[in-house]
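This report describes one protein model and its ligand. Please read it with the sequence and the structure in view.

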Amino acid sequence: MKKPYFLLALAGFVTVPVHAEITTQQSEVMNKLLATYTEKAKVEFKEEKGRGAISDKPFSAGAGREFYLVRRTWQSKDFTCSGCHTEDPKKEGKHIQTKSPIMPLAPAVNPERFINVQKVEKNFTDHCMDLHDRDCSAYEKGSFITYLKSVK
Ligand code: HEC
């Protein structure tokens, strides 16, 4: 579906380059992560039944977006994933402490995201520890990826 954009660009309707598709490589990495989290979520649900973040429901984009926007208060300051990554994951973010720019998280606009399973897992664990003082559950991670996949 690249051609219509190309033609529109020629016609002068589109002035910025459009990358609005998730690449095959990104799909593969995200699907691999989703398969892992699906298995882990079953185990976590069994072991930790009753704990808030754990669910036996299928991953949902809505739950993923909620997880992305939920505020945690620490030392009377609010922290969220969107604090650094912005409420719209298609936009460029800014680190709340260093103020350095962060390229968008949404794979539909950033072909460099979700191309390496280890990198995603490391970022998940680091940022979840920063924000929640624990690693996020497989349900949270799976739903978050489901949400990002749905962002067009
Ligand atoms: C204090 C700022 C900050 C917060 C808060 C934060 N992140 Fe990040 N995140 C970053 C930075 C910086 C990078 C970029 C590293 C890079 O560009 O390679 C990143 C990258 C990522 C990536 C890597 C994707 C990829 O393949 O490149 C994921 C996934 C991610 N963050 C998820 C989260 C989630 C989920 C939360 C909330 C639990 C969160 N982040 C909160 C700063 C933050």
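**Confidence**

The model is predicted. The protein has a mean pLDDT of 85, and 85% of its residues reach 70 or more. Confidence is lowest in helix H1 (residues 2–11), where the mean is 47, and highest in H6, where it is 96. Over residues 6–17 the pLDDT falls below 50, and this stretch has four contacts in the model beyond near neighbours in sequence. Where pLDDT is low, predicted coordinates should not be read in detail.

**The shell around the ligand**

The ligand is surrounded by 19 residues, of which Cys81, Cys84, Arg113, Asn123 and His127 are the closest. Helix H4 (81–85) and helix H5 (117–132) each supply at least two residues of the shell. H5 gives the most, with seven residues.

**The largest nonpolar core**

The largest nonpolar core holds 20 residues; Met30, Leu33, Ala106, Phe144, Ile145 and Leu148 touch the most other members. Helix H2 (24–47), helix H3 (61–69) and helix H6 (138–150) each supply at least two residues of this core. The largest share, six residues, comes from H6.

Which residues does methionine 30 contact, leaving aside its neighbours within four places in sequence? They are Phe114, Ile145 and Lys149.

| Helix | Length | Span | Expected span |
|---|---|---|---|
| H5 | 16 residues | 22 Å | 22 Å |
| H6 | 13 residues | 18 Å | 18 Å |

The span of H5 is close to the expected value, and that of H6 is likewise close to its expected value.

H6 is mostly covered, with 12 of its 13 residues buried. The buried residues of H6 include Phe144, Ile145 and Leu148, and also Glu140, Lys141 and Lys149. Its buried residues pack against H2, H3 and H5. Just after H5, aspartate 133 takes a positive phi of about 65°.

**Individual residues**

Serine 82 lies in helix H4. Is serine 82 buried or partly exposed? Serine 82 counts as partly exposed because it has 18 C-beta neighbours inside 10 Å, whereas a buried residue needs 20 or more. Leaving aside neighbours within four places in sequence, serine 82 is in contact with Tyr68, Leu69 and Glu87. Serine 82 and phenylalanine 67 are 15 residues apart along the chain, and their C-alpha atoms are separated by 9.8 Å.

Threonine 86 is placed in the loop between H4 and strand E3 (93–94). Its phi is near 70°, a positive value in a residue other than glycine. Threonine 86 has 16 C-beta neighbours inside 10 Å and therefore counts as partly exposed.

Phenylalanine 114, one of the contacts of methionine 30, is found in the loop between strand E4 (101–102) and H5. The phi of phenylalanine 114 is near 55°, again a positive value in a residue other than glycine. Why does phenylalanine 114 count as buried? It counts as buried because 25 C-beta neighbours lie inside 10 Å.

Key: Residues are numbered from 1 along each chain as its sequence is written. This is a predicted model: local features need pLDDT of at least 70, side-chain atom pairs count only at pLDDT 80 or more; totals for chains, interfaces and linings use all residues. A residue is near a molecule or strand if its C-beta atom, placed from the backbone, lies within 6 Å of it. Helices (H or I, at least four residues) and strands (E, at least two) are DSSP runs, numbered from the N terminus. A nonpolar core is a set of buried Ala, Val, Leu, Ile, Met, Phe, Trp, Tyr and Cys residues joined through C-beta atoms within 7 Å. Two residues are in contact if their C-beta atoms, placed from the backbone, lie within 7 Å. The expected span of a helix is 1.5 Å times one less than its number of residues. pLDDT is the predictor's confidence in each residue, from 0 to 100.
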